Amino acid sequence: MVAAPDRLITLAVVTGAHGITGEVRLKPFTEDAAQFKAYGIFSANGTPLTLKKLRPDPKGWVARFSEITDRNQAEALRGTALTVPRKALPDLPADEYYYIDLIGLPCVDPSGQSIGVSVAVENYGAGDILEIEKVDEKRFMVPIAQAVDVHDDHLVIAADFIE
């Protein structure tokens, strides 16, 4: 899978301040707190934040960053995405992918004819769904497991699923 190594990946969003000492509440987009801790430094709108502590909370996690020392600074981060570059994520086996790696790839039918480009990946509980924007700017969705053959630089969409 060809990935844009400098593409920023959002791992959590600050949902607000926690207490008066600068801790923040996080809504994580990963279940692995140990892996999150391992990144150590996150970008918050281009400003580096160094993770000091992380603990579970009923609505996500509570974090302390070295650069945030009071409630006002913590509150100012509300809604801020905490990102890392794509190259910081661990490599996956050949048959697995990160959603971000699929977005922006050209989509073709089984004969190689262009259909459009992938613009989003969703999962509503029944499996991964790929959203494709056609050349005429209309969009349609297909189930990845049944309809998409993932290649390094493009996606082949099964003919039965092409609108």
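**Aromatic pairs**

Author: Gladly! Let's begin with the rings: the structure, which is a predicted model, holds four aromatic pairs.

Reader: Why is the pair of F36 and F42 called stacked?

Author: Two values decide it. The ring centres of F36 and F42 are 4.5 Å apart, and centres have to lie within 6.5 Å for rings to pair. Their planes meet at 25°, while stacked asks for under 30 degrees, so the pair is stacked.

Reader: And what makes Y39 and F42 edge-to-face?

Author: Here the centres lie 6.4 Å from each other, and the limit for a pair is within 6.5 Å. The angle between the planes is 70°, and over 60 degrees counts as edge-to-face. Both Y39 and F42 are buried, and F36 is buried as well.

Reader: Which residues do ring pairs link into a cluster?

Author: The cluster takes in F36, Y39, F42, W61 and F65.

**Strands and barrel**

Reader: How do you know that β1 and β2 pair?

Author: Strands pair if there are at least two bridges between them, and six bridges join β1 to β2, which run antiparallel. One example is V13, whose bridge partner in β2 is K27. The hairpin of β1 and β2 has four residues between the strands, and G19 takes a positive phi near 80° there.

Reader: Which order do the strands of the barrel follow?

Author: The six strands of the closed barrel run β1-β2-β5-β4-β3-β6, with antiparallel pairing. From one strand to the next, the twist averages 50°.

**The largest pocket**

Reader: What makes a residue part of the pocket lining?

Author: A lining residue has an atom within 4 Å of a pocket point. For the largest pocket, with a volume of about 450 Å³, 20 residues line it, and I9, T10, F29, Y98 and Y99 lie nearest its centre. The largest share, four residues, comes from β1.

Reader: How many of the lining residues are nonpolar, polar and charged?

Author: There are 15 nonpolar, three polar and two charged residues in that lining.

Key: Residues are numbered from 1 along each chain as its sequence is written. This is a predicted model: local features need pLDDT of at least 70, side-chain atom pairs count only at pLDDT 80 or more; totals for chains, interfaces and linings use all residues. Side-chain values use heavy atoms; hydrogens and water are left out. On a 1 Å grid over the protein atoms alone, a cavity is a set of points where a 1.4 Å probe fits but cannot get out, and a pocket is an open set with protein on both sides within 12 Å along at least five of seven lines; lining residues have an atom within 4 Å of a point. Grid points are joined across faces, edges and corners, and a volume is the space filled by probe spheres set on the points. Helices (H or I, at least four residues) and strands (E, at least two) are DSSP runs, numbered from the N terminus. Ala, Val, Leu, Ile, Met, Phe, Trp, Tyr, Cys and Pro count as nonpolar, Asp, Glu, Lys and Arg as charged, and the others, Gly among them, as polar. Axes are lines fitted to C-alpha atoms, for helices over the stretch in contact, and angles run from 0 to 180 degrees between N-to-C directions. Rings of Phe, Tyr and Trp (its six-membered ring) pair if their centres lie within 6.5 Å; planes under 30 degrees apart count as stacked, over 60 as edge-to-face and the rest as tilted. Buried means under 20% relative accessible area, exposed over 50%, partly exposed in between (1.4 Å probe, protein chains only).
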